[in-house]
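Trainee: Could you walk me through reading a structure, one feature at a time?
Mentor: Gladly; let us look at it together.

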Amino acid sequence: MERHILQYWEFNSSLNIVDKKEDTSKKMKLAVGLAVPLSFVAVGGLVTCAIFWSRENKRIKKSLDKDGLPSINDDLERGAGPKGFSYNDLILATNNFSDDLKLGEGGFGCVYKGYLSREGMVVAVKKISQGSRQGKKEYITEVKIISSLRHRNLVQLIGWCHDQTQFLLVYEFLPNGSLDSHLFFKKSTLPWTVRYKIALGLASALLYLQEECERCVVHRDIKSSNIMLDSGFNVKLGDFGLARHMDHEHGLQTTALAGTLGYICPEYVTTGKASKESDVYSFGVVALEIACGRKATDKVDPSSYLGLVQWVWGLFEKGELLSYVDPTLNKEFDIAEVERLMMVGLWCSHPDRSMRPSIRQAIHVLKLEAAVPKSSIKDADTRVLHRSRCP
């Protein structure tokens, strides 16, 4: 595209007398002679710009459409929920993602502590690793699902940021970190009253996801490292990157196996179908971790391959359920509550899906609104329990 500007024009003639009509005619011819080519140049330039802009817009739209990002922009910008941040905003908030502000690191990226000066707010910024296709999928899923959820026991999504190379999520900052840092890495010793409150808070979050929100949500990755704690040690369930909406009547369709070893129920491994019951199973595993202070994948007995769940089943059969309570509690706990939580943990992590309770039933037991279902647990085939090597 070229742009021409006529800055100076001069005409000289050897004629002393020029007819006014002839002079006017010549001027008209000159004006037309200049206007026509300049018009073509201008129109050509506009057409070139329009073609270039159209092609570039289509290229960007195509690159984003395949990940579903434009629909996220439309949905979020119309709502009053999470807001979009520029990448520069988050660079400033995290001091260019300084290692000194790193809170943790996972399979798809790192989480940094940040401060949004305009909002006057401390936040946690999750930065998806560049080149991680699965990370982008989780980003899209999390933004779509968690932005529509509102519950006191769910992590609040403050904002989001994405372009063709960077994908970031901005959450409320939770000063007490994740549950696993207290149970397994001894960030602090959680007293029993706090642990019981955490179990109830997690159950409340699941009840909301399964029965109280408009569309049932299956989390698919409930584990102690995804359970965050605020300043009052209240539960905030996070990381919805693997979550899926589920029809209340027809259930979830078969999906690729997702989740974390130690928290995945047996039928999900064999069928590939996540469900409310599979999330209840994961809740049961976390309940046992809270009581025992050990990871689900720990080999409790070096002489066997039994993980935590199978080991606690063995203690139940021997009548020694309380012998494996977290020793860091120094026996400072309510015996009835410990037994109730461990029984609920076993009930929820039953290898037979049909024998598990709904999360509402589990809450009734934890709140002393229903009896502990010892009879239904005792009906379990112990050979099945010990044979199962739940991942």
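**Reading the fold and its spaces**

Mentor: The secondary structure of the chain comes to 13 helices and 10 strands. Helices (H or I, at least four residues) and strands (E, at least two) are DSSP runs, numbered from the N terminus. This is a predicted model, in which local features need pLDDT of at least 70 and side-chain atom pairs count only at pLDDT 80 or more, while totals for chains, interfaces and linings use all residues. Residues are numbered from 1 along each chain as its sequence is written, and side-chain values use heavy atoms, with hydrogens and water left out.

Trainee: What share of the 391 residues in the chain is buried?
Mentor: Buried means under 20% relative accessible area, exposed over 50%, and partly exposed in between (1.4 Å probe, protein chains only). Here buried residues make up 46% of the 391.

Trainee: Which residues of helix H9 are buried?
Mentor: They are Leu-308, Val-309, Gln-310, Val-312, Trp-313, Gly-314, Leu-315 and Phe-316. With eight of its 11 residues buried, H9 (residues 308-318) is largely enclosed by the rest of the structure. Just after H9, Gly-319 takes a positive phi of about 75°.

Trainee: Which residues touch the most other members of the largest nonpolar core?
Mentor: A nonpolar core is a set of buried Ala, Val, Leu, Ile, Met, Phe, Trp, Tyr and Cys residues joined through side-chain atoms within 4.5 Å. In the largest one, of 85 residues, they are Leu-149, Leu-209, Phe-240, Phe-283, Leu-341 and Met-342. Helix H6 (residues 192-212) supplies the largest share of this core, 12 residues. Another core, of 13 residues, lies apart from it and includes Cys-110 and Cys-161.

Trainee: What is Phe-240 in contact with, leaving aside its neighbours within four places in sequence?
Mentor: Contact means heavy atoms within 4.5 Å. The partners of Phe-240 include Ile-145, Leu-149, Leu-209 and His-219. Across the chain, residues 24 or more positions apart account for 66% of the contacts with a separation of 6 or more.

Trainee: How many aromatic pairs are there?
Mentor: Rings of Phe, Tyr and Trp (its six-membered ring) pair if their centres lie within 6.5 Å; planes under 30 degrees apart count as stacked, over 60 as edge-to-face and the rest as tilted. By this rule there are six. One of them, Phe-97 with Tyr-112, is edge-to-face, at 5.3 Å centre to centre and 65° between the planes. Both Phe-97 and Tyr-112 are buried, and together with Tyr-87 they form one aromatic cluster.

Trainee: How much space lies in the largest pocket?
Mentor: Rolling a probe the size of a water molecule over the atoms shows where empty space is left. On a 1 Å grid over the protein atoms alone, a cavity is a set of points where a 1.4 Å probe fits but cannot get out, and a pocket is an open set with protein on both sides within 12 Å along at least five of seven lines; lining residues have an atom within 4 Å of a point. Grid points are joined across faces, edges and corners, and a volume is the space filled by probe spheres set on the points. The largest pocket holds about 950 Å³. Of its 33 lining residues, Val-111, Ser-225, Asn-226, Met-228 and Asp-239 lie nearest its centre. S2 gives the most to this lining, with four residues.

Trainee: What volume has the largest cavity?
Mentor: About 70 Å³.
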